[in-house]
Amino acid sequence: MAEASQVYFNPWDPEFRANPYPHYAALYNGAPSKLTFGPVTLALVGRYGDVTAVLRDHEHFSSVGPPPPPTAYQGRFVGASNMLGSDPPRHSRLRRLVSRDFTPRRIRELEPHIRQIASDLLDQVEAKGEFELMADFANVLPVKVIAHMLGVPPELNATFKKWSDTLIEGGNNTPGQPPRPQVIAAVDAIGDYFTTEIERRRKNPGSDLVSALVAAHDEGEVLSSADLLSFVTLLLVAGNETTTNLIGNGMLALGRNPEQFEMLKRTPELLPRAIEEMLRYEGPVQSTARFPKAPVELGGTTIPAGAITLVIIAAANRDPAQFKDPDRFDITRDPNEHVAFGEGIHFCIGAPLARMEATVAFEAMLARFPRLNLKDQAMKTTYKGSYFLRGIESLPMAIN
Ligand code: HEM
């Protein structure tokens, strides 16, 4: 997409997407870079200090983006906004509606359920005698957990995952390109499914998240029907693809750093720190975006109002000014103040859940298969299509 001085940034270039990290080096050397494409200005923010400053400064950097382009297909979601894409005071109200379902205490209550899911999946792997980490485990566990929280019947989990994958894929279109038919179909299917579910919960409320949101909607909260749909869809997508990729990217990092993997096997109490290092080293979210309400000074440059400001979390997590030897995967790293879950008022509401799922996942896999390793250390990994949500397609494992 663009080259400006020594900065190369092109999320639609498969080679860039396969390994964006070397391209981030140029971002550490000076003020945030500005690239222009016709009427659009893109500001690239990669230094740790700048990334944290932008994420904390919701007064100047809005989360409300421009309206969707005319080519976007929105189905039942027309006019919707969710907490990720809103500013205070609306953001605070929306976040409050679900915050009690994501407290560390509430998440601890889910632990036995998550352990059971992990154990059942590994039973199937053991019976089969072969283990492809993504298809057999990492793609399945998080969607089962979030679907359970949303009160979706287990037989629909695979359909849910497919909808979620298709919506994410839809975000990979180059600007101006019309949506593909399967994306339109997924937007419609998800809109139809939850519209029916919302009606059902209205008549027959349960203790799930959808029922809680329906109750808030009916009590005159700020949610339109489209907002309600958007809220549930956000939880579905944010709640599964990210955690899937934490497990996949984390296992890849362990497998490619055998001395670290051995250390973890010998010293399982290092697991919480290892998970923080997985989040820093190859986090599931590469970048998020903000939109300055007025021209704003940042790190020695002025970003114009409305510029799409890409806040490159994964670059900040490898900034040598913050992390010693940042390209080294070190499961004993301490301190490790990564920003993989963001920072400020939009800090990931699912962080305790994601950490719990990853802990349970790695504990269960290592307990079941003590000799677990990558099948082929040198395997060329292929990444899924999204730049923003980074994750691998498949990872064959050796279990004996
Ligand atoms: C390893 C897994 C995860 C990572 C790396 C991750 C990362 C992030 C990041 C970086 C943000 C902030 C985005 C911004 O400021 O623009 C965020 C927000 C959010 N995440 Fe996560 N996430 C993960 C798992 C989850 C899970 C399991 C859920 C559960 C449903 C979830 C739900 C959300 C929601 C609803 C927001 C919006 C919060 C707000 O706007 O106040 N995430 N996440």
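Me: How do β3 and β4 pair, and over how many bridges?

Reply: Strand β3 (residues 33-37) and strand β4 (residues 40-45) run antiparallel, with 5 bridges. Strands here are DSSP E runs of at least two residues, helices are H or I runs of at least four, and both are numbered from the N terminus. Two strands pair if DSSP finds at least two bridges between them. This is a predicted model: local features need pLDDT of at least 70, side-chain atom pairs count only at pLDDT 80 or more, and totals for chains, interfaces and linings use all residues. Residues are numbered from 1 along each chain as its sequence is written.

Me: What sits between β3 and β4?

Reply: The two strands form a hairpin with 2 residues between them, and G38 in the turn has a positive phi of about 55 degrees. K34 stands opposite A43 in β4, and S33 is opposite L44.

Me: What does β4 do with β10?

Reply: β4 and β10 (residues 308-311) pair in the parallel sense over 4 bridges. L44 has L310 as its bridge partner in β10.

Me: What is the strand order in the sheet?

Reply: The open sheet has 5 strands in the order β3-β4-β10-β7-β5, with mixed pairing. Its edge strands are β3 and β5 (61-62), each pairing on one side only. Helix α3 (residues 48-56) packs on the sheet, touching β4, β5, β7 (288-292) and β10. The direction of α3 makes about 120 degrees with that of β10; axes are lines fitted to C-alpha atoms, for helices over the stretch in contact, and angles run from 0 to 180 degrees between N-to-C directions.

Me: New topic. How many residues of α7 are buried?

Reply: Helix α7 (residues 141-150) has 8 of its 10 residues buried, among them L141, V145 and M149. A residue is buried if 20 or more other C-beta atoms lie within 10 Å of its own, exposed if 12 or fewer, and partly exposed in between, with C-beta atoms placed from the backbone.

Me: What do they pack against?

Reply: The buried residues of α7 pack against α5 (104-128), α6 (133-138), α8 (157-170), α10 (209-218), α11 and α15 (351-368). After α7 comes G151, with a positive phi near 75 degrees.

Me: Why is A253 called partly exposed?

Reply: Because A253 has 18 other C-beta atoms within 10 Å. This residue is in helix α11 (residues 225-256).

Me: Which residues does A253 contact, leaving aside neighbours within four places in sequence?

Reply: M278, Y281, E282 and F329; contact means that the C-beta atoms, placed from the backbone, lie within 7 Å. A253 and Y281 are 28 residues apart in sequence and 8.3 Å apart in space, C-alpha to C-alpha.

Definitions and conventions:
Two residues are in contact if their C-beta atoms, placed from the backbone, lie within 7 Å.
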